[in-house]
Amino acid sequence: MEKDLKKEVTKFGLLTAGFFVFYFLPFGSQYVQDAIISGFTMLGSYAREHVLLCLVPAFFIAGTITVFIRKDAILKLLGPDARKIISYPIAAISGGILAVCSCTILPLFGGIYKRGAGLGPAVAFLFSGPAINVAAIFLTGSAIGWEMALVRIVGASTSAILIGLTMQSIFREKGSGGFATQESDDQVSWPEAIGFLGLQMAFLIVGGLAIDPIVKATILIISAIAVFVMAIRFKGELRNQWIGETWDFAKKILPYLFFGVFAAGIISSALPQSLVESLLGGNRFGSTLFASVFGAFMYFATLTEVPIVQSLMSLGMGKGPALALFMAGNSLSLPSMIVITRLLGKKRAFTYFGLVVVFSTLWGFIYGNLF
């Protein structure tokens, strides 16, 4: 009852805020009109350039990973008996199988932490989950550049391992118990799963390449047909589950992404360039630190950080602060920090928050000044 009341109060608050915005906003002002048009212009640009050949196949890939990659086998490698050389890299790259934000990762983190993973691997998973996923990386490469996308992968995965090892060395909490793994008889074989995933990855990668249009179209058509043929051969239950998971990712992410793109277009028009340059301009240590702290408190729904960072960079934000905002902004938010504090306790939680800001700042400063 209390939970339902909170939801209704939240809805009432949003409706009230929306009313006041529309009531007081001077729509007759040329400044406001230009900002709104800029939002729709960027939304149209994203729809044309990044949806069909980037986001749609990325959602299918996320659905494939969710259904066909056996997570029980992966979770087993995060247990307390696993060797560090195995558990930490697995935890760091496992974010690639998810398309989640800093809040959605929390129940997954709580589950593996309570089921026996050590503090170090669990924290590495917590950091990497929102920071690395197929859709976000490919959208970053498509919209901002593949150098940023690659550095984002390397920086996030490396930081996840180092943050996990640091937390483990400070608090020495190895974890107890383990994971009971159960593999369904309905699962396809590993070669089939990897082949199915590989064909979709080929479609996604080739779709973003600037190559001969005929060659590109030929590869895309062959890949799409091969994926369709393999999907038809799977059991109906698995195939329907794959389509269902793909749709679930799309309906959860696209509305927030479109709103984020629209907001980014407004920001690029309304925010003074001088303000962005003074706070986030260049690749100074201060601007990179500000981006890390700012990102840690802000909430970015999955993928919305890409158009926002793109807009800020067009206004003078340095690439170092941009990377720092990517890393800290995806991994933390004020709502997630509250929940993490309840799960880990104040001492562990605030140590983790500090480490995220430190590593995000260091990676951003290094990238901005050495590359």
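This is a predicted model: local features need pLDDT of at least 70, side-chain atom pairs count only at pLDDT 80 or more; totals for chains, interfaces and linings use all residues.

Residues are numbered from 1 along each chain as its sequence is written, and side-chain values use heavy atoms, with hydrogens and water left out.

**Helix α11**
- Helix α11 covers residues 236-270, and its 35 residues should span 51 Å at 1.5 Å a residue, which agrees with the 50 Å between its end C-alpha atoms.
- At Ile253, α11 bends by about 30° (the angle between axes fitted to the seven residues ending there and the seven starting there), and Pro255 follows within four residues.

**Aromatic pairs**
- The count comes to 17 aromatic pairs (ring centres within 6.5 Å; planes under 30 degrees apart are stacked, over 60 edge-to-face, the rest tilted).
- Phe22 and Phe27 are stacked, at 6.2 Å centre to centre and 15° between the planes.
- Phe68 and Phe234 form a tilted pair, because their planes stand at 40°, with centres 4.9 Å apart.
- Phe68 belongs to helix α2 and Phe234 to the loop between α10 and α11, 166 residues apart.
- Phe68 is buried at 1% relative accessible area, and Phe234 is buried at 7% (buried means under 20%, with a 1.4 Å probe and protein chains only; exposed is over 50%, partly exposed in between).

**Charges over rings**
- Arg152 lies over the face of Phe326, 4.4 Å from the ring centre (NZ of Lys or CZ of Arg within 6 Å of the centre and within 35 degrees of the ring normal).
- Lys319 lies over the face of Tyr367, at 4.9 Å from the ring centre.

Methods:
Helices (H or I, at least four residues) and strands (E, at least two) are DSSP runs, numbered from the N terminus. The expected span of a helix is 1.5 Å times one less than its number of residues. Rings of Phe, Tyr and Trp (its six-membered ring) pair if their centres lie within 6.5 Å; planes under 30 degrees apart count as stacked, over 60 as edge-to-face and the rest as tilted.
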